[in-house]
Amino acid sequence: MKISFNINGEPKSIDIEDENSPLLWVVRDMLDLKGTKFGCGKAACGACTLHVDGAAIRSCSYPIKMAAGKNITTIEGLGTRENPHPVQQAWTEHVVPQCGYCQPGFMMATAALLNKIPNPTDEDIDNNIVNVCRCATYYRMRKAIHRAAELTTVSKPQNQ
Amino acid sequence: MTRKRRKKNVSRRKFLVRGGLGTLGVLALGTFVFRNPIRRSVFEMAETLVPPYDGTGTEANLWFEILKDNTIVLHSSKVEMGQGTFTGLAQIAADELDVDINQIKVVHANTDSGVVDGMSTGGSLSIASLWQPLREMAATMREMIKGMAAEKMGISIGDLTTKNGVVSGGGKTLTYAEVATNVTEWKVPDTPKLRDRSSYQFVGKPISRIDLAAKVYGDPIFGMDAEMPNMLHASVIRPQHVGATMKSADISVAEKMPGVVKIVKQDNWVGIIADSYTQALTAKRAIQVDWDIPKMWTEEGIREMLQVGKGDKMICQKEGSTLDTDDSNVVTLEFSSPIGAHAQIEPNGAVAHVKDGKATIIISTQVVQITQKQVAKALGLDMENVNIIPTYLGGGFGRRLNTSHAVQAAILSKEVGRPVKYFFSRKEEFQHDSFRPPTHHIMKGKLNENGLLASLEHHYASGDVAINSVLLPGAVNTILGTDIGAARGGNIMYRNIPNHRAIQWHTTLPFATSWWRSLGLLANTFAIESFMDEMAIKAGKDPVEFRLAQLNDDEMGKRIKAVITKAAEKSGFQEKPVNGRAMGFAACVDAGSPCAHVVEISIEEGEIKVHKVTCVLDCGIAVNPDQVKAQCEGSVIMGISAAMHEKMTLKDGQLYPTIFGPYEMALMRNAPKEIDVVLIEGADVPLPVGEPPLGPIGAAVANAVKRLTGKRLTDLPLSL
Ligand code: FES
Ligand code: FES
């Protein structure tokens, strides 16, 4: 069947047999956007987090049929080296990643959190950022999340 | 065989010019250096308990390449799994090469280049082991370029200077790339004098990670992201029960499912190859396998096997006399630690292409060359015909010190004559890990009339860490008679105690156990340092003073004292809880790096909450202090995760849990909000960083709990 959606601002149509195929594999293998990661396939780690209509979704457990007509954003569409998203800028300032594998998922989860709660408290962060990072970069992540909030609220847009 | 081939290549004088490195190559030049930086005698090893990660006859070879735009490409023999090695290596090289850090690009060497490390990336030894050879090679390369520039410019070499990748003299300049252009014969000088520390521009500076942008913008740098043209996808069925073997598999339904290209039955596994991953996965679920399960293992069964007093005994440390078991003044406490999973987020897997007697494998691995050997052997190919291309690792932690699954990918590819990508499901990751072995410890001690320890004994039982690992030749274990991985942190560092002993009991368990970041250190330090605190309390002494009094004054003793003193001072350590918050102290020395922690905890809603950790590490030269700190922060939180949350168990013959969540790990909310890392440079070389800070955390938290509640916790994961 044919399913259409917008991804990173561009309209896309794909032809797929199994409408229950997880969005993750469509994004990674059909659209060749490898920034969204596979970690567990069971909505348990958050490595596959991306945005569907602005909300953080664990794409490994999100059937592609549900994406029809929606706006999807992946890490590739969050920001670029030339025009980073505040979350990416904060992550860079605080040198957050170690192995880096979980990081796109965390950054997408953070960006969605900041849409919802522009200035999250530590408790908001604890309750909403529940992905798993085995390198345990949480200490710097927390700082980076606060910094991203600051960047978002202080200057908008900040990348003229 | 390789040994010979390598020997030929690694002549100190040999200099290689290569053309056409694909997209990279415009102009390539390189040089080899042979070194064996951590080759120690086995006996020395037994004493220091540094596992011989580089084994015998291993060399740290590196290869530079100069591109036309004056970029220097460093082909790293060590892999980047998050520890920041690429950044540190770039800093070290830049200083001796006289180039700007931004001119250096670091890539993984593949086996075709001939410059991979013979053994592994592990043991926190990447920077430590390459420190000397990399500087020597970079300096040699700089002098070679200068010498050539002198010829080309017609200026004496003494009148030339180098800076930012440019040679200058007599009013003329040439970039390194210009110097190298069209040169086929190079003169290799003797190793020049290395830079003085005071003139380093990059070493010792908190340079931002050179792989940072790739990781912030989601570049496809991991093994999981690799693809080859015309590639198929596969999934694999493995036994779920410990020790199970496959009797038969019914693939009749799966074979006919959409997208399925081929189903491959092997000895103890089935591979399903399909056009897409989801198709392979769907077909996998339709296969019925009949397993032979010889025994339904249980947790009790494992604990029964794994006890002090059972298995192979080895006295690792022996000073003075043994404690008299009838002595009523002897204090005895038992401790235990559970089976631990690696749980790295990037699953294991590989992309393989086997065709016309050649195999190419793209893989996240810590053992590039061992994987090459395994594939060559399994496919009956010459090593030369197997190219292993390592990628960035989505976490290593020791899990990828065995990546024999590359063989499965290769077999599947061979079966269809096309590239095949496959990776473990999360359940397979949890059930087919090479786990951190469970441990059992008995600590015994006796105070003298001054309230100091007259005797201290650590008796411990562990499953395999180094024994049965592909990394260590069996002979090493036979000579040592002990599992040197399980022994990490097992010896008593308080050498002033007149009588002390460390005795290991080793048992091979029915499931694979092996290297897990910091090896035995986590559990051993938990037992020893918990007991030290217990004895300090019994003696009515301050735990810091109590420890200091029992360290000797040799070089290591002094370095341990320094981290302990600093940690106490920096944290404002105090014994008594204040406002419901208590502090806990613990220290260790791991592979030459002493480390001390002070934690601050409270108990909230029945759970231990860690608020702050002060971590003092003596790591010698911190090549990149910011990344050393990042390693400390990560180790501290991973230590909290392992010591307070994680636990695998055996139930009905299977290892559980099989998913994150039920396998409880530290999340954002469990991470301390304050981590104060203090680095001490107690040696003039870089020392291991990525594991020592995992050691003291369990004991530090347990010691704080004792001071807050009066209760001594003796089992990991800690629970009230
Ligand atoms: S891969 Fe989707 S949550 Fe783990
Ligand atoms: S940075 Fe490695 S898992 Fe998060």
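A salt bridge, for this talk, is a side-chain nitrogen of Lys or Arg within 4 Å of a carboxyl oxygen of Asp or Glu. By that rule, eight salt bridges cross the interface of chain B and chain A. Please keep in mind that this is a predicted model.

I'll start with the interface as a whole. Chain B brings 61 residues to the contact, and chain A brings 51 residues. Together the two chains bury about 4600 Å² between them, and carbon and sulfur atoms give 61% of that area. On the chain B side, three residues stand out: B:Tyr217, B:Ile345 and B:Met668 supply 20% of the area that chain B buries against chain A, more than any other three residues.

Next, the polar part. Between chain B and chain A there are 20 residue pairs in polar contact. Which elements of chain B each supply at least two residues of the side that touches chain A? They are α6 (212-216), α8 (277-285), β19 (420-423), α17 (625-644) and β28 (674-680). The largest share comes from α17(B), with ten residues. By residue class, the side of chain B that touches chain A divides into 32 nonpolar, 14 polar and 15 charged.

Now two individual salt bridges between the chains. In one of them, the side chains of A:Arg140 and B:Asp626 meet, with N to O at 3.1 Å. In another, B:Asp225 pairs with A:Arg28, and the closest N and O atoms are 3.0 Å apart. B:Asp225 sits in the loop between α6 and β9 (232-237) of chain B, while A:Arg28 belongs to helix α1 (residues 23-30) of chain A, so this pair joins two chains. Both B:Asp225 and A:Arg28 are buried.

In chain A, A:Lys34 forms a salt bridge with A:Asp32, the closest N and O atoms being 2.9 Å apart. A:Asp32 is at 47%, so A:Asp32 counts as partly exposed.

In chain B, B:Arg547 and B:Asp533 form a salt bridge whose closest N and O atoms are 2.8 Å apart. B:Arg547 lies in helix α15 (residues 543-549) and B:Asp533 in helix α14 (residues 521-539), so the pair ties together parts of chain B that are 14 residues apart in sequence. B:Arg547 is buried, and B:Asp533 is buried as well. These two residues also belong to a network of salt bridges that links B:Glu529, B:Asp533, B:Arg547, B:Glu575 and B:Arg707.

Last, the cysteines. B:Cys588 counts as buried because its relative accessibility is 4%, the limit for buried being under 20%. A:Cys45 also counts as buried, at 1% relative accessibility.

Technical notes. Residues are numbered from 1 along each chain as its sequence is written. Chains are lettered from A and ligands numbered from 1 in the order in which they are written. This is a predicted model: local features need pLDDT of at least 70, side-chain atom pairs count only at pLDDT 80 or more; totals for chains, interfaces and linings use all residues. Side-chain values use heavy atoms; hydrogens and water are left out. Contact means heavy atoms within 4.5 Å. Buried area is the accessible area (1.4 Å probe) that two parts lose on being put together, summed over both. A polar contact is a pair of N or O atoms within 3.5 Å; within protein, one must be able to donate a hydrogen and the other to accept it, and residues adjacent in sequence count only if both atoms are side-chain atoms. Helices (H or I, at least four residues) and strands (E, at least two) are DSSP runs, numbered from the N terminus. Ala, Val, Leu, Ile, Met, Phe, Trp, Tyr, Cys and Pro count as nonpolar, Asp, Glu, Lys and Arg as charged, and the others, Gly among them, as polar. Buried means under 20% relative accessible area, exposed over 50%, partly exposed in between (1.4 Å probe, protein chains only).
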